[in-house]
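My notes follow the order in which I checked them.

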Amino acid sequence: MQRSVYHSQSIQAWEQRWFAQQNSSLGLMQQAAWTISQQLIEPFNKNKIQKISIWCGQGNNAGDGYYIAAFLKQHGFHITVYATELSQSLDLKQAVQYALLNRVDIQSIDYLLSENANHQEIPTFDCHIDALFGIGLNRMLDQKWQSIIQLFNSQIGLKIAIDIPSGLHANTGQALPCAIQVDQTFTILGYKAGLFTGQGKEYVGKLHLVSLIPIDTELKPLAYLSPEKIVLPKRQAFGHKGSYGHVLVVGGHADMGGAVIMSAEAAFHAGAGKVSVVCHAKHHQAILARSPNIMVRDINALDQKSIQHLLTQIDAVCFGMGLGRDEWAEQIYLEWFNLLNQNSHLEVVLDADGLWFLAKHPQQLNTHLYATPHSGEAATLLGCSAGDIEQDRIVAIHNLQQKYAGQWVLKGAGSLVLEAELFICTQGNAGMGTGGMGDVLAGMIASLKAQFHEQVALHEIISLHAQAGDLLAENGMRGLQAHEMGKMIYTVVNQEN
């Protein structure tokens with residue numbers, strides 16, 4: 001079953017429809033707090049967590065915090081609330097009164113800041129719970145709030161966020177400009193996109209979904225989480241190399257031979273029956289010495305007629321790796337691109353320098369083309385900066401598809417995949433931020449599409465690539481090499497139920 005991800009405004013509208021049916025907003029606040037506190041009691045007792053501070057802001061998120069404080073106090077925990085000035089919300093005021101009724105110690109965050117400023121000792125706690133901001137935060141925080149968040153982050157002990165770590169934009173996953181970093185987040189009602197993409201993974205920790213009210217027909221997902229368990233179709237006993245697709249890798253400028261090698265090897269490790277590389281002839285010896293199962297052709301010896309003939313024998317192409325950006329590379333791009341775009345029987349991955357030339361020569365991509373930029377390449381394609389892309393990755397990938405059509409992957413933390421629907425990849429790690437990983441991904445996409453076509457979705461391939469990267473990083477993320485991905489790809493494409 002697909003797990004849905006929502007825009008914060010959709011969540012808020014869903015809540016309002018629930019309240020319009022005469023359901024209590026205070027009751028929902030109490031229910032959220034009760035559910036979260038019940039999930040905390042056992043692990044707190046198990047891990048001997050007794051002293052807990054809860055940092056409460058001005059809105060309904062703070063109301064959740066006050067009720068959690070009261071419920072935990074009822075179970076014998078030592079609770080201190082650090083509070084800001086209250087808003088005019090009646091629900092929030094009732095939450096404060098309930099906390100006071102249960103003899104929760106409530107102190108001013110201003111007092112905490114002054115204690116810190118005077119270098120006096122700040123009380124120590126086993127756990128700190130963040131209930132400062134909810135999902136409505138969409139502005140840069142002023143200096144006072146930044147100081148509060150930095151002070152929270154500097155504390156020792158377990159850290160937990162209610163709904164979303166304060167300072168993190170619920171829809172983009174960007175810090176505004178800083179955010180609370182926690183070990184666990186209890187997100188309420190539904191998943192928000194900012195928990196999974198952009199900078200979100202840095203702040204969220206282990207994620208728990210607190211489902212409280214039934215989904216109505218008006219609630220529409222913004223995206224879906226890519227599945228974690230992917231099982232590819234089994235091979236038939238009578239299959240042969242011609243049954244599993246022929247992948248063509250095109251690129252390899254005279255000065256850049258490594259990219260096509262990594263793409264081609266990834267294609268074989270992902271199960272392609274045959275793999276050919278068309279590149280500058282100076283790389284052929286190195287390719288064959290490393291992988292004698294790869295077939296090679298001289299990119300400079302092919303004219304339009306021979307290219308057309310070659311493509312009749314191919315199922316999938318990955319195009320642009322190590323192509324370069326000089327006049328020679330531009331000529332190669334122009335010779336090949338229209339043929340790739342027009343041949344509907346081909347599955348085509350457009351990556352690296354191929355994307356750079358697409359930006360220079362904009363065209364509409366057919367549905368069988370898969371474009372795989374990182375934020376810098378996406379910025380070139382959209383005529384903006386990489387920072388602009390990262391400010392709202394979801395808007396960016398929709399803009400890419402609107403401008404160029406085709407299917408898109410926006411690589412990075414929480415990679416986005418836009419097919420008919422938008423998917424977010426929840427796997428992968430920072431160690432994969434190294435040269436060649438994109439070339440490996442291009443080879444995997446071409447290979448699996450050559451074998452299975454519509455039987456495997458683009459977002460599933462992205463998840464398999466991320467899983468391979470996670471296997472490679474089991475002993476540490478620092479120093480991963482893209483050319484070491486082969487055995488991990490072999491492992492993930494052979495996983496079974």
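**Salt bridges and helix contacts**

I started with Asp351, which counts as buried at 2% relative accessibility. I kept in mind that the model is predicted.

I then looked for the partner of Asp351. Its side chain meets that of Lys411 in a salt bridge, 3.4 Å from N to O. The pair links distant parts of the chain, 60 residues apart. I placed Lys411 in the loop between β17 (405-410) and β18 (416-418). Asp351 sits in the loop between β15 (347-350) and α12 (353-360). Is Lys411 buried or exposed? I noted 14% relative accessibility for Lys411, so it counts as buried.

Next I asked how many salt bridges the rule gives. The count comes to ten. I followed up two others from the set.

I took Arg3 and Glu228 next. Their side chains form a salt bridge at 3.6 Å, N to O. Arg3 lies in strand β1 (residues 3-6), and Glu228 lies in the loop between β10 (223-225) and β11 (246-251), so the pair ties together parts that are 225 residues apart in sequence. Arg3 has a relative accessible area of 32% and is partly exposed. Glu228 is also listed as partly exposed, at 46% relative accessibility.

Then I went to Arg17 and Asp216. Their closest N and O atoms are 2.7 Å apart, and the two form a salt bridge. Arg17 belongs to helix α1 (residues 8-20), while Asp216 is in the loop between β9 (206-210) and β10. Arg17 counts as buried at 18% relative accessibility. The cut-off matters here, because buried means under 20%. Asp216 has 22% and therefore counts as partly exposed.

Which residues do shared partners join into one network? I found Arg17, Asp216 and Glu218 joined in this way by salt bridges.

**Helix pairs**

I turned to packing and began with α2 (residues 25-46) and α3 (residues 60-74). Their axes are 8 Å apart, and the helices pack at an angle of about 50°. The two are therefore oblique to each other. I noted a right-handed crossing where α2 passes α3. On the α2 side, the contact residues include Leu26, Met29, Trp34, Ile36, Ile41 and Phe44. On the α3 side, I picked out Tyr67, Ile68, Phe71 and Leu72 among them. By class, the contact of α2 with α3 has twelve nonpolar residues, four polar and one charged.

From α17, I listed Leu464, Gln467, Ala468, Leu471 and Leu472 in the contact. From α18, the contact takes in Met488, Ile489, Thr491 and Val492. I sorted the residues of this contact of α17 with α18 into seven nonpolar and two polar, with no charged residue.

Key
Residues are numbered from 1 along each chain as its sequence is written. This is a predicted model: local features need pLDDT of at least 70, side-chain atom pairs count only at pLDDT 80 or more; totals for chains, interfaces and linings use all residues. Side-chain values use heavy atoms; hydrogens and water are left out. A salt bridge is a side-chain nitrogen of Lys or Arg within 4 Å of a carboxyl oxygen of Asp or Glu. Helices (H or I, at least four residues) and strands (E, at least two) are DSSP runs, numbered from the N terminus. Buried means under 20% relative accessible area, exposed over 50%, partly exposed in between (1.4 Å probe, protein chains only). Contact means heavy atoms within 4.5 Å. Ala, Val, Leu, Ile, Met, Phe, Trp, Tyr, Cys and Pro count as nonpolar, Asp, Glu, Lys and Arg as charged, and the others, Gly among them, as polar. Axes are lines fitted to C-alpha atoms, for helices over the stretch in contact, and angles run from 0 to 180 degrees between N-to-C directions. Angles under 35 degrees count as roughly parallel, over 145 as roughly antiparallel, 65 to 115 as roughly perpendicular and the rest as oblique. A crossing is left-handed if the near helix is turned anticlockwise from the far one by less than a right angle, and right-handed if clockwise.
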